[in-house]
Amino acid sequence: MLSFSQIASDVDQWLHKVCSPTWALVFEMVIIGVSVIGLFAVLGLVLVLMERRVAAWMQIRLGPNRVGPQGLLQSLADTLKLLVKEGMTPGGSDKFLFNLAPFIAMIAAMLLMAPIAFASNFQIWNINIGVLYVSAVSSLSVIGILMAGWASNNKYSLMGAMRSGAQIVSYELSAGLSILTIVVLSGNLGLNDIVLSQKDGWWIFKGHIPAIIAFIIFMIAVTAETNRAPFDLAEAESELTAGFHTEYSGMKFALFFLAEYINVFIVCAIGATLFLGGWMPFHIGNLEGFNHVMDYIPSSIWFFGKTFFLIFLIMWFRWTFPRLRIDQLLNLEWKYLLPISMFNIILVTVVAIMKWYF
Amino acid sequence: MFEEIGTTAEGDLQINVGPQHPATHGVLHLVLTLNGETIKKVEPHLGYIHRSIEKMCESLTYRQFSYVTSRMDYLSSHINNNACALIVEKGLQVDVPERAKVIRVIIDELTRIASHELWWGAMAMDLGAFTPFFHAFRERETINEIMEETCGARLTMNYIVPGGLMMDIHPNFQKKVKSFIQLFRSKFDEYNELVTGNIIFQNRMKGVGVLSPEDAISYGCTGPAARGSGVKCDIRKLYPYEIYDKVQFDEVLETGCDSFARYMVRLKEMLESIKIIEQLIDNIPEGEFQAKTKAVLKLPKGEFYQRVETARGELGVYIVSEGGTTPYRIKYRSPGFSNLSALDHMARGSKLGDLIAMMGTLDLVIPDIDR
Amino acid sequence: MFITNYIKNVFGAVKSLAVGMKRTGYYFTHHKEIITEQYPDNRDTLVLADRFKGEVVMPHNENNEHRCTGCTACELACPNGTIKVVTKFDITPEGKKKKAVDKLVYHLELCTMCNLCVVACPSDAIKMAPTFEHSVFDRSQLTKVLNQPGSKIMDGVE
Amino acid sequence: MTNEELKLKITTLLPEAVFEEGGEWLNVNVNATAWPALATQLLHEPELYFNYLFCLTCIDWKTHLTMVYHLDSTQYRHNLVIKIKLDTNKPEIETVSNLWRTAEFHEREVYEMFGVNFLNHPDLRLLILPEGWEGKNPLRKDFDDPVNMIRL
């Protein structure tokens with residue numbers, strides 16, 4: 001059967017046959033780099049289109065329907081427009097930081113791709129502390145935002161960046177704690193190992209109450225961490241016009257836009273990996289027959305299916321809820337999410353020690 | 001024209017909200033003095049859409065001047081026209097046929113619903129929820145279609161003219177209004193589901209922008225802005241015009257004094273308007289739709305004042321006539337202008353995000369403020 | 001109790017959010033509720049109200065005759081100077097001079113569609129037409145002469 | 001209170017007030033010097049309690065200016081119109097924004113549109129006109145702007 005892991009190992013073997021191991025490694029890295037960038041572009045296009053469609057259907061509209069069949073090429077046309085637009089740098093801005101910021105945001109998002117297991121046996125870097133790596137790198141994205149806000153020399157941008165800083169720092173906590181829940185249950189830090197530990201059922205089912213609480217908190221926290229509505233205070237269109245990217249135009253704006261969507265994809269992928277079994281098909285305990293039937297669906301489809309389901313959930317939030325105020329946002333984190341997740345981590349420890357999970 | 005705005009002498013941040021800003025819904029320009037996120041002062045700068053309608057009207061005849069008022073508060077253009085028609089009729093002592101009066105009230109109330117629909121959607125959008133806007137526009141579109149069929153336009157209709165109406169209602173009018181009432185009643189629960197009950201929304205609105213009844217009167221606030229503070233100020237009840245004294249409806253009063261109270265007033269007012277329309281739609285009397293008037297109208301020498309209740313509050317039209325074909329001086333007391341003056345008082349000490357909620361519940365229409 | 005209140009708060013909040021999500025979820029899955037009009041595509045089926053005030057026109061009959069007497073009532077009624085009536089003198093068969101319209105110049109760019117001219121017209125010569133696609137590249141094209149070249153006044157209209 | 005009762009009451013407060021009848025509401029002509037004291041009494045006198053100033057404007061009669069105050073009471077629902085003659089060349093009057101705060105904005109509007117100087121106003125600046133406006137006050141009858149005003 002043609003699978004991602006088969007292709008990967010075929011390419012690896014062929015490269016080792018035709019050149020020395022060093023060059024094989026270099027070529028593999030180039031291939032990975034190109035395919036990550038390719039995946040970025042494709043994901044950006046797909047997610048933008050998906051968001052516009054979801055929004056439109058919830059708002060009793062049709063959504064994009066003019067460019068290409070069913071409007072499928074709409075985001076391609078948008079990209080073209082952004083590419084040919086002038087990228088302005090306002091006078092009075094810190095030009096170096098201003099131009100650097102979108103790339104920082106982009107690179108931080110790109111780095112997060114490394115430990116994610118896209119399919120069975122198909123991973124860029126099987127790092128054994130994957131979860132820690134993800135938590136560490138994902139907080140880097142705030143640097144890009146802060147940089148953009150400061151360098152723009154615009155008060156709206158500055159306020160947006162400051163809000164974003166406060167927000168990401170606080171929501172990191174509960175996101176981290178809810179990730180820890182699964183680490184406690186599975187006893188592993190590597191993302192692939194966590195997936196493998198869900199062979200007899202996903203953690204959201206196996207870990208019952210604490211896992212479900214952790215999942216809900218995780219979804220709320222990552223929505224805030226990626227600056228998506230109802231936590232989009234950094235942009236807050238009606239308050240700060242566009243927040244930290246008020247002054248950006250053309251491709252530099254597009255990079256921020258893309259980074260946002262990639263971040264959404266990545267946090268959803270992590271959520272799918274931790275709680276919904278990643279690429280692991282839907283298995284129930286030791287029902288061999290059922291599990292075997294489920295295995296016929298390729299693992300990559302399972303992974304992307306779950307991830308896109310979570311992305312849809314985040315989009316659903318965005319197109320239903322109003323935005324919170326900055327003090328309410330922090331109240332929610334410090335008065336509700338953090339105590340609940342702390343209580344939850346105690347609960348899950350007890351559950352894990354007593355082996356009360358399935 | 002624009003002075004450099006940076007920081008004040010005390011080191012507070014000053015920012016411009018507007019004249020081009022997504023939340024001001026027009027060209028309102030507010031200069032905010034901020035301490036962090038907390039507002040210390042709001043200073044409105046007006047005039048970006050000032051057309052000096054008062055001066056314009058001095059050179060327009062009594063038949064012509066009312067069409068301009070559609071451009072003041074464009075969301076309640078019928079009610080503005082009604083005020084102008086009423087004041088000319090008062091001056092000429094013309095008796096308007098009963099049919100025209102009933103149709104005027106129905107049209108006025110439809111306008112009020114349409115205005116509140118747009119406010120509801122736009123206010124939810126200000127708070128970051130984009131979906132309600134489209135849901136509100138679905139119902140508003142139905143009203144616009146009714147208006148288009150009967151009045152021939154969708155926003156600035158000039159349908160109510162001195163002496164009665166421009167033309168008779170369309171044969172489909174009653175049928176369409178009834179189907180609109182049905183649609184509105186079936187969709188109204190969605191408004192509560194989507195926005196009113198939402199915990200985030202309630203937290204954003206409750207206790208925000210508190211305006212005590214005394215302040216509301218002192219600042220001249222009218223309409224839902226004052227009724228949210230429990231001040232009785234509905235001109236339809238207090239100084240009835242047309243046939244408002246003959247229909248049954250309640251003046252919606254809330255005692256919360258905050259943004260949420262003002263929000264609830266407007267939401268309930270839509271239902272009251274529906275109630276008024278339901279009473280009248282089957283009872284439109286037969287007869288003329290226009291009184292016999294002279295070709296050239298001349299108001300007698302004197303002063304005339306007419307107060308009406310628009311969707312935003314009390315609109316006053318003050319005409320000083322010298323006996324000619326044009327007014328000597330005309331003054332529009334617009335509700336938005338007075339309501340805006342309370343914004344600084346309400347906003348002090350609250351967060352930047354609250355200002356948006358307050359501006360939303362005051363329902364500012366900028367051409368109405370600037371005139 | 002503090003704890004029960006706290007838990008009640010949390011559940012009440014989650015429920016209110018779920019109600020909203022149910023509503024948007026309903027519209028997400030029920031595409032029949034979509035109200036978008038695909039405007040330029042549905043031009044053929046587009047129905048405009050017959051009273052729609054798009055521009056002022058002067059109807060002519062098949063003999064290229066109109067009903068305008070050139071009385072300038074519309075010009076006087078117009079609040080913005082949209083209409084200018086240029087008159088000429090015709091010689092009637094009896095040999096008398098009679099005032100008639102030479103050109104009725106209509107500035108669409110100034111018109112506010114207030115309908116006052118139509119109401120003022122004593123001979124029903126002008127009316128509002130339900131057209132709305134008025135965009136042109138040059139503003140001067142919006143200045144129109146309403147009576148067609150060579151047109152005459154209809155018999156019997158005074 | 002009816003117009004008659006109002007008339008009696010105001011005569012006791014201000015004997016030199018001149019009344020004008022025939023309109024919908026009672027009109028009172030007052031001197032600019034007597035106005036501040038009368039305004040305070042109108043608001044604070046428990047029987048009058050005119051706490052709602054719903055219209056404040058000015059009329060240019062070419063020979064003089066007239067300030068017009070429309071008052072309403074939210075408790076008794078009686079109305080009163082106060083008129084005060086001002087000099088065209090040097091119009092000055094005491095502010096009432098300390099009594100009715102809505103007057104703050106309305107007086108600023110009258111200030112720029114008619115050039116009336118309100119004494120002791122907390123913040124008498126241009127509100128609608130652009131900053132640095134030079135020239136005449138737009139709503140005066142002798143104002144002329146050949147560029148923007150279209151005469152038919």
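Reply: In chain C, among contacts between residues at least 6 apart in sequence, 73% join residues at least 24 apart; two residues are in contact if their C-beta atoms, placed from the backbone, lie within 7 Å. This is a predicted model, in which local features need pLDDT of at least 70 and side-chain atom pairs count only at pLDDT 80 or more, while totals for chains, interfaces and linings use all residues. Residues are numbered from 1 along each chain as its sequence is written, and chains are lettered from A and ligands numbered from 1 in the order in which they are written.

Chain C has three helices and seven strands, where helices (H or I, at least four residues) and strands (E, at least two) are DSSP runs numbered from the N terminus. Read from the N terminus on, these elements follow the order α-β-β-α-β-β-α-β-β-β. Chain C is more spread out than a compact globule, because its radius of gyration is 28 Å, well over the 15 Å that the globule rule gives for 158 residues; the radius is taken over C-alpha atoms, and the rule is 2.2 Å times the number of residues to the power 0.38. Along its principal axes, the C-alpha trace of chain C spans about 105 × 35 × 35 Å. Of the 158 residues in chain C, 20% are buried, a residue being buried if 20 or more other C-beta atoms lie within 10 Å of its own, exposed if 12 or fewer, and partly exposed in between, with C-beta atoms placed from the backbone.

Within chain C, three strands form an open sheet in the order S3-S4-S6, with antiparallel pairing; two strands pair if DSSP finds at least two bridges between them. Strand S3 (83-91) and strand S6 (143-145) of chain C are the edge strands, each pairing on one side only. Neighbouring strands of this sheet are turned by 25° against each other on average, direction ignored, with axes being lines fitted to C-alpha atoms, for helices over the stretch in contact, and angles running from 0 to 180 degrees between N-to-C directions. Nine bridges join S3(C) to strand S4 (residues 97-107) of chain C, and the two run antiparallel. Ile91(C) stands opposite Lys97(C) in S4(C).

Turning to the other chains, chains A and B share the most contacts of the five pairs of chains in contact. Their contact takes 22 residues from chain A and 27 residues from chain B. Helix H11 (237-240) and helix H15 (326-354) of chain A each supply at least two residues of the side of chain A that touches chain B. That side of chain A has nine nonpolar, five polar and eight charged residues, where Ala, Val, Leu, Ile, Met, Phe, Trp, Tyr, Cys and Pro count as nonpolar, Asp, Glu, Lys and Arg as charged, and the others, Gly among them, as polar.

No contact joins chain A and chain D, whose closest C-alpha atoms lie 24 Å apart. Chain B, however, does meet chain D, with 27 residues of chain B in contact with 24 residues of chain D. Among the elements that give two or more residues to this side of chain B are helix H1 (53-57), strand S7 (314-321) and helix H12 (335-341) of chain B. The largest share of the side of chain B that touches chain D, four residues, comes from S7(B). By class, this side of chain B has 10 nonpolar, nine polar and eight charged residues.
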